[in-house]
Amino acid sequence: MRASCRLVAEALALAESLIRPGLNTEVLDREVASFLRARGARAAFKNYMGFPAHICVSVDEEVVHGLPGCRVLREGDIVGVDIGVEMAGYYGDGCKTFPVGQISPEKERLLAATKQALYAGIAQARVGNRLSDISHAIQTTVENEGFSVVRALVGHGIGRSLHEPPQVPNFGAPHRGVRLRAGMVLAIEPMVNMGSHEVLTLADGWTVVTKDRLPSAHFEHTVAITDGEPVILTEDVTVA
């Protein structure tokens, strides 16, 4: 899994280097797919349950599962790039939300809070904790910043399949759910809305947007639980 997760991190870095005002989101899809093919890997989202693109590109009010296409990025947008990789039978999954040029202070706060919530959740990914300790840490961090966590979508286990049990909600009371064990690998992924937590799916059948059309941010890491510190496989660093 380390190899597939490393490619997720590298592909996200490639996407970040390409993002600028005026970029057609289809270019991101094409460039990341080409990058992965050249390294002997496969974009895991392509054709997954019929998904038509290689990566998810979600702009502003789009929460997740945005379809790359003719949408052109504008100064002040935020864009979530979600990338799944399969290589040699193992999967990695990660997402970052990037600013496009100069963004508003409120959007900067949204990105910072979502990233902070991700790391607060990862810090709870320890042997002996319960699954909802991750969820509770994420929700508490987000709501302390005045934002809301999406309830309708969750993180997940990952390994030889892209999505494995258990589901990892981004909200809930602490000390509930399965007890965490060394060897478990989780995709932890807070999706945070500037306004209400409610979401809708567009007529394309994939793109999930905020019901109030206010912006949303999404960060995700694939994390291994060990006997020591949690290991962020999509960043290849440990959390102190």
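One aromatic pair turns up when the whole structure is searched. The rings belong to phenylalanine 51 and tryptophan 206; their centres are 5.0 Å apart and their planes sit at 90 degrees, so this is an edge-to-face pair. For the cut-offs: rings of Phe, Tyr and Trp (its six-membered ring) pair with centres within 6.5 Å, and planes under 30 degrees apart are stacked, over 60 edge-to-face, the rest tilted.

A word on the source. This is a predicted model, where local features need pLDDT of at least 70 and side-chain atom pairs pLDDT 80 or more, while totals for chains, interfaces and linings use all residues. Residues are numbered from 1 along each chain as its sequence is written, and side-chain values use heavy atoms, leaving out hydrogens and water.

Phenylalanine 51 is buried, at 3% relative accessibility. Tryptophan 206 is partly exposed, at 22%. Buried means under 20% relative accessible area, exposed over 50%, partly exposed in between (1.4 Å probe, protein chains only).

For cysteine 56, the nearest cysteine sulfur is that of cysteine 95, 8.2 Å away. Cysteine 56 is buried, at 4%. Cysteine 70 is exposed, at 70%. Its sulfur is 17 Å from the closest cysteine sulfur, in cysteine 56, too far for a bond.

Definitions and conventions. Disulfide = S-S within 2.5 Å.
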